[in-house]
Amino acid sequence: MDNHTNITQGNPKGIEFIESTKLLCDGEHYLPYHCFSYIMSGTLTLSDGTGTQTFQKGDFMFGAGNRLVKVRKAPEPDGLYKAVVVVLDEEMLQSYCKDYGLKERTVIMEKNAIPLQPTALLKNYFDSLFPYFDKKLPENLVSLKRNESVMLLINENPKLSDILF
């Protein structure tokens, strides 16, 4: 079973639920966008020429965009790989800056991802997305949920504002 449910009507710049029973390991990928992810089961491994990072069940992470990375998604030994991914593309982040009066700054991340400490706020945010995976959402509601994710990221790790904008 492989299931990618995108609540943004086929728009890859949105929010996606990924579920798979198979090892997903298909070489290097150019990741153009930042993302905010929650690993619900299985493991996610990101590798490049500088190192490897692995995220497991219950982990939250901010993934850097604009880089070439080997991605490996492995299910639990007796089950599934499940994750929710919020895509934070450049257009969305520029709009966020404009809407909230922020200035753009560019700081390049050295690593592919930044682990985030699990908190009730992060868990509740991702839990709030699950009812939407059964139906397609209006674009304005998807935009609201993505903006909320940026607010949470900055709240949990203020240094991310330098990377996001």
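Is D127 buried, partly exposed or exposed? D127 is partly exposed, with a relative accessible area of 31%. Please keep in mind that this is a predicted model.

The side chain of D127 forms a salt bridge with K123, at 2.9 Å from N to O. Both sit in helix α2, which covers residues 120-129, and because they are 4 residues apart, about one helical turn separates them. K123 is also partly exposed, at 33% relative accessible area.

In total, the count of salt bridges is 3. Next is the one between D89 and R146, whose closest N and O atoms are 2.4 Å apart. This pair connects distant parts of the chain, 57 residues apart: D89 is in the loop between β9 (81-88) and α1 (90-100), while R146 is in helix α3. How accessible are the two partners? D89 has 2% relative accessibility, so it counts as buried. R146 is buried too, with a relative accessible area of 6%.

Helix α3 also holds K145 and E148, which lie 3 residues apart, about one turn of the helix. Their side chains meet in a salt bridge, again given as 2.9 Å from N to O. Here K145 counts as buried, at 8% relative accessibility, whereas E148 is partly exposed, at 29%.

Last, the surface. Y100, L102 and M151 make a nonpolar patch of about 270 Å². M151 belongs to helix α3, residues 139-156, and is partly exposed, with a relative accessible area of 37%.

Notes. Residues are numbered from 1 along each chain as its sequence is written. This is a predicted model: local features need pLDDT of at least 70, side-chain atom pairs count only at pLDDT 80 or more; totals for chains, interfaces and linings use all residues. Side-chain values use heavy atoms; hydrogens and water are left out. Patches are made of residues with over 30% relative accessible area and no salt bridge: like charges are joined within 9 Å, nonpolar side chains (Val, Leu, Ile, Met, Phe, Trp, Tyr) within 5 Å. Accessible areas come from the Shrake-Rupley method with a 1.4 Å probe; for residues, only the protein chains shown count as cover. A salt bridge is a side-chain nitrogen of Lys or Arg within 4 Å of a carboxyl oxygen of Asp or Glu. Helices (H or I, at least four residues) and strands (E, at least two) are DSSP runs, numbered from the N terminus. Buried means under 20% relative accessible area, exposed over 50%, partly exposed in between (1.4 Å probe, protein chains only).
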